[in-house]
Amino acid sequence: MSHVGNAKPFEKYAKAAALVKNRLHLSGGWQCFWKAPGTMNNVKMKTPTLGVIYGNRDFFPDHLVTEARADIAKLFEQVGVKAIQLGEQASKLGGVETHNDARKCAELFRKHAGEIDGVLVVLPNFGDEKGVADTLKMAKLNVPILIQGYPDDLSRLDVARRRDAYCGKISVANNLVQAGIKFSLTNKHVCHPTSDSFALDLQKFLGVCRVVKGVRGVRLGAVGARPGAFNTVRYSEKILERHGISVTTVDLSEILGKATKMDANATAVKNKLAEIIGYAPAPGVPPEKLLQMAKMGVVLTDWVEANHLDATAIQCWTSVQENYGCNVCTLMSMMSEKFMPSACEVDVTGVLTMYAMQLAGNTPAALVDWNNNYADDDDKCVLFHCGNWAKSFLPDIKISNAPIIGTAVGVQNTYGALDGRTPAGPLTFGRITTADADGKIRTYVGEGELTDDVLKTFGNRAVARVPKLQKLMRHVCAQGFEHHVVMTQSKSAEILAEAFGNYFSWDVYRHEVKSIG
């Protein structure tokens, strides 16, 4: 490919950075939201940090390494990424060529292991495949790796400018495969760091880093038993544990008992009540129901913080309504809005999906039902839940009740469900499940769009258009997936497929793209 070599330097970097920012607007931004453990009210920004290896080869022009360092430094400054890399004095021009260089770089990476989200391998020339592989083997970071190679200019294939990174990248990849080290590739085999193509590669890679780092070691909370009528949300806790995902449980009676005993005048209850009132309008909701929600919210917050949990799945019905007298939907929505997703019906693998997908899209996720056909349009359907979506999905949000469950437990016991319609916008959908009989994890992901088609009903609702939806529904049914699916307002299916399939070795069905696994 030809890169923008004739553009002014600033214009090149600005163009690449602007493209990253523009594309990432659909996936929530290039910086990652990270939550301090046990903190529900504090969503903090962490600057993405990449370890960078500059491959070099002794008989290729050294000055290409110096140019590459300048290219990457300028790009990272523009898009807000921190680099951990050898200084120019630590090795020849800060590149990795010999085994000694690899040892120095690996030691540097180990020192900053807690900071590094991923590694970028830059090949300004052929590079030394052993140096790159040795660095990664000794560093033992277990993070995503992206290999980039510079393109040659056909008019400058002389000794002073020839790169051969096209060939060198193959050798580096070969060595990593031999070593059993997983890595990602750019869309184009070689691409300049200032190119539009690499800007999109970087966007995707940072998303993959977020998902991989976030899901490994995630702590989930299960509140209450699975509702008896919902065999669909069964899962294997042992399979999740094998993949570094832990589940902490609590009996729903403990939560309800403590909430019932809470003093209405306690400072924590008053603060939670004010938070609920400020979160969404509640026309017609009795004040005592809002107070009930506030008490339960305090108890849930205390339990989550005490156990350092990242996400929760709650037995939202019918015990809460029958034994406590309100819905927990508003509280779940508030947690999801704070990037601490909460799923109903004790759908543990559903909330795991929410957690992964919010990391990929950098935007809140919602657990929804594949609920209704949309007239006779085979590529459209209605997404629905009785009311716990994060308010990012609901510009017309209000706290209401749940008419459907109200027919069984009394509408007066269902206040706390949300009402609102999600407008047109981007859509990524996905699902993680444990395939217990096979002892593995299966997933599917895809993209579509949310539409503004007419929809006259209640609860949290949206109309989705998914190309070849009937094919997807056949796959969901044939493979025994749950009726719940997760959605984000982003375009991040590629990120999820790469993280799930490549780095976690989970089975992935990418709708309309060849499946992995």
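Colleague: In which sense do strand β3 and strand β5 pair, and over how many bridges?

Modeller: Helices (H or I, at least four residues) and strands (E, at least two) are DSSP runs, numbered from the N terminus, and two strands pair if DSSP finds at least two bridges between them. Here β3, residues 49-54, and β5, residues 118-123, pair in the parallel sense over five bridges, and isoleucine 53 stands opposite valine 121 in β5. This is a predicted model, in which local features need pLDDT of at least 70 and side-chain atom pairs count only at pLDDT 80 or more, while totals for chains, interfaces and linings use all residues. Residues are numbered from 1 along each chain as its sequence is written, and side-chain values use heavy atoms, with hydrogens and water left out.

Colleague: Which sheet holds this pair, and which are its edge strands?

Modeller: Five strands form an open sheet with parallel pairing, in the order β4-β3-β5-β6-β7. Its edge strands are β4 (82-84) and β7 (184-185), each of which pairs on one side only.

Colleague: What lies across β5, β6 and β7, and at what angle to β6?

Modeller: For such questions contact means heavy atoms within 4.5 Å, and axes are lines fitted to C-alpha atoms, for helices over the stretch in contact, with angles running from 0 to 180 degrees between N-to-C directions. Helix α5 (residues 165-179) lies across β5, β6 (145-149) and β7, and runs at about 155° to β6. Helix α6 (residues 196-215) also packs on the sheet, where it touches β3, β5, β6 and β7, and its direction makes about 165° with that of β6.

Colleague: How do helix α4 and α5 pack, and which residues make the contact?

Modeller: Helix α4 (residues 129-139) packs with α5 at an angle of about 35°, their axes being 8 Å apart. The contact is made by residues that include Val132, Ala133 and Leu136 of α4 and Val172, Leu176 and Ala179 of α5. By class it has six nonpolar, two polar and three charged residues, where Ala, Val, Leu, Ile, Met, Phe, Trp, Tyr, Cys and Pro count as nonpolar, Asp, Glu, Lys and Arg as charged, and the others, Gly among them, as polar.

Colleague: What is the order of the strands in the four-stranded sheet?

Modeller: Those four strands form an open sheet in the order β9-β8-β10-β11, with parallel pairing, and its edge strands are β9 (246-250) and β11 (342-344). The twist averages 20° from one strand to the next. Within this sheet, β8 (residues 219-223) and β10 (residues 311-314) pair over four bridges in the parallel sense, and leucine 220 has alanine 311 in β10 as its bridge partner.
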